[in-house]
Amino acid sequence: MMLSKKQYLETVLTADQDTILKNYVAGEFITSDNLFDDINPVDGTLVAKVAEADHDLVNKAVQSAKSALKGEWGSIDVKKRCALLHAVADEIDRRFDDFVAAEVADTGKAYSQVKNIDIPRGAANFRIFADLIKTRPTQTFEMETPDGKGATSYVVNKPIGVVAVVSPWNLPLLLMTWKVAPALASGNTVVVKPSEETPSTATLLAEVMETVGIPIGVYNLVHGFGPGSAGEFLVGHKDVDCVTFTGETKTGTAIMKSAAEGLKPISFELGGKNAAIIFEDADFDAAVSGTVRSVFANCGQVCLCSERVYVQRPIFDKFVDALKEKAENIKIGKPEDGSDMGPLISAKHRVKVLSYFSLALEEGATLVTGGKIPSFGDERDNGSFIEPTIWTGLAEDARCVKEEIFGPVCHITPFDTEEDVVELANDTNYGLAAALWTTDANKADRVARQMEVGICWINDWFLRDLRTPFGGVKLSGIGREGGMHSLDFYSEPLTICNKR
Ligand code: NAD
């Protein structure tokens, strides 16, 4: 089912929401005097008005989350807690079309991506962490004591408490639930601050939580911006016990300063400037198709996207030509047109990406393809579309090779030896992901082990086993989430030493 924006507002959000996306605090949908616009980046029209939470409402949300820890949620057994999280996943599935329509309205992404990745993964996150917590191993240690009687030490995992979840706009439901699900599975309560660009699916999730009977105060939602708004109020709140954040590195720095005040544990998934490495022995067609995906997926707005592509010299020209051809065949357009690529998230973000397009030429790039705003002659001209873009010829210290752009763009550099490319790939302040393309298994393993990143793919990209650790090194993050790593982050271990 495909819904227009108007249908979405009329049918997807429950009647009492009117056309305002509200905060969800202490089990109530709450509006505000300050409304801001949620804009559809396909044509620049209004999706909804959004109620910005002020200081008092954020405080109320945190207090509600704190109280809920002492209520029914705090004493519920793991089996019942997990059954509720499965019910959340089932209800997302039941309202699948609503979630798809909401995510598409906010982001303008292709329907195929939202239907196959964003929403299914959003539901899967609840199932995976609900199942995982039931199989979490326990630790027991026996020790000898001078009196010969001995002692047993064992570890119990307790919730941390109130978790602040601050999330970005590029994969709104998926990335938000990636943190909400393990936090709830571990027995915490949450206050979520979704991106101001993509408030809809977090609001639908509040409806889901209410429908399935998640106790009041366990899931709270506050809308707003970062500095001087709900984001800053939340992460700096004294009764927030931990902060989990996905977004830009510079935002992470600001949040870390706030969190430092209360020595709050933090988990940060931040920006990237990821390398794709194509060796001359790679399966050429697979490497080209994989790199088209890794550069242009979601209009280049995935933290794992490759913005630096290194190709071994003997196949460099052929590879550039092939990537150019594929990039020029990407169908840009509306989500309902079966397009491959939608718009950037906003007009503001397009200004930023375009500034790099100009800068690249100033820095001496050769423009292989793209570099402009496409012209459609219809309402899409009011949207935030941009052409898939490829450059060659930049120096490795050019800002366009060093800074995260977060758009459908890459720079391709030739390399000669394995040693050279390892050095080039690691010569960045970021360290999130890398993708290697080669048919030499030994070389693949050797090079992968030298990558200074959190995840390195061999002959693929974006394939994720959710049990594995996920995160970045250097400016790309602090900590790891995924599988047991998430459960460890969202729990406080208590060691009990029992002397016999
Ligand atoms: P952003 O940092 O601008 O915003 C993310 C969230 O932080 C938003 O909800 C925003 O309102 C909030 N925020 C901003 N300033 C704040 C402050 N001072 N205090 C509290 N909250 C604040 O990021 P974005 O533009 O929404 O997302 C794109 C960025 O996210 C890119 O850099 C991308 O690489 C990164 N990202 C990383 C991962 C990962 O797993 N490493 C995944 C997705 C996106």
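## Surroundings of the ligand

The ligand is surrounded by 32 residues, and the closest are Lys193, Glu196, Thr251, Leu270 and Glu404. The model described here is a predicted one.

A polar backbone atom of Ser167 lies 2.8 Å from an oxygen atom of the ligand. A polar backbone atom of Leu270 is 2.7 Å from a nitrogen atom of the ligand. In the case of Glu404, an N or O atom in the side chain is 2.6 Å from an oxygen atom of the ligand. Leu270 and Glu404 are also listed among the closest residues around the ligand.

## Helices H4 and H8

Helix H4 covers residues 78–94 and helix H8 covers residues 200–212; their axes come within 9 Å and cross at roughly 125°. This angle makes H4 oblique to H8. The crossing in which H4 passes H8 is right-handed.

On the H4 side, the contact is made by Leu84, Ala87, Val88, Glu91 and Ile92, while H8 contributes Leu205, Val208, Met209, Thr211 and Val212. By residue type, the contact of H4 with H8 consists of eight nonpolar residues, one polar residue and one charged residue.

## Helices H5 and H8

Helix H5, formed by residues 96–107, also packs with H8; the angle is about 155° and the axes are 8 Å apart. H5 is therefore roughly antiparallel to H8, since angles over 145 degrees are counted in that class.

Here Asp98, Phe99, Ala102, Glu103 and Asp106 of H5 meet Ser200, Thr201, Leu204, Leu205 and Val208 of H8. The residues of this contact comprise five nonpolar, two polar and three charged. Leu205 and Val208 of H8 take part in the contact with H5 and are likewise part of the contact with H4.

## Helices H5 and H6

H5 has a further partner in helix H6, which spans residues 111–134; the two pack at an angle of about 115°, with their axes 10 Å apart. H5 passes H6 in a crossing that is right-handed.

The residues that meet are Phe96, Phe99, Val100, Glu103 and Val104 from H5, and Tyr111, Val114, Lys115, Asp118, Ile119 and Pro120 from H6. Eight of the residues in the contact of H5 with H6 are nonpolar and three are charged, with no polar residue present. Phe99 and Glu103 of H5 meet residues of H6, and both also belong to the contact of H5 with H8.

How values were computed: Residues are numbered from 1 along each chain as its sequence is written. This is a predicted model: local features need pLDDT of at least 70, side-chain atom pairs count only at pLDDT 80 or more; totals for chains, interfaces and linings use all residues. Side-chain values use heavy atoms; hydrogens and water are left out. Axes are lines fitted to C-alpha atoms, for helices over the stretch in contact, and angles run from 0 to 180 degrees between N-to-C directions. Helices (H or I, at least four residues) and strands (E, at least two) are DSSP runs, numbered from the N terminus. Angles under 35 degrees count as roughly parallel, over 145 as roughly antiparallel, 65 to 115 as roughly perpendicular and the rest as oblique. A crossing is left-handed if the near helix is turned anticlockwise from the far one by less than a right angle, and right-handed if clockwise. Contact means heavy atoms within 4.5 Å. Ala, Val, Leu, Ile, Met, Phe, Trp, Tyr, Cys and Pro count as nonpolar, Asp, Glu, Lys and Arg as charged, and the others, Gly among them, as polar. A residue is near a molecule or strand if one of its heavy atoms lies within 4 Å of it. A polar contact is a pair of N or O atoms within 3.5 Å; within protein, one must be able to donate a hydrogen and the other to accept it, and residues adjacent in sequence count only if both atoms are side-chain atoms.
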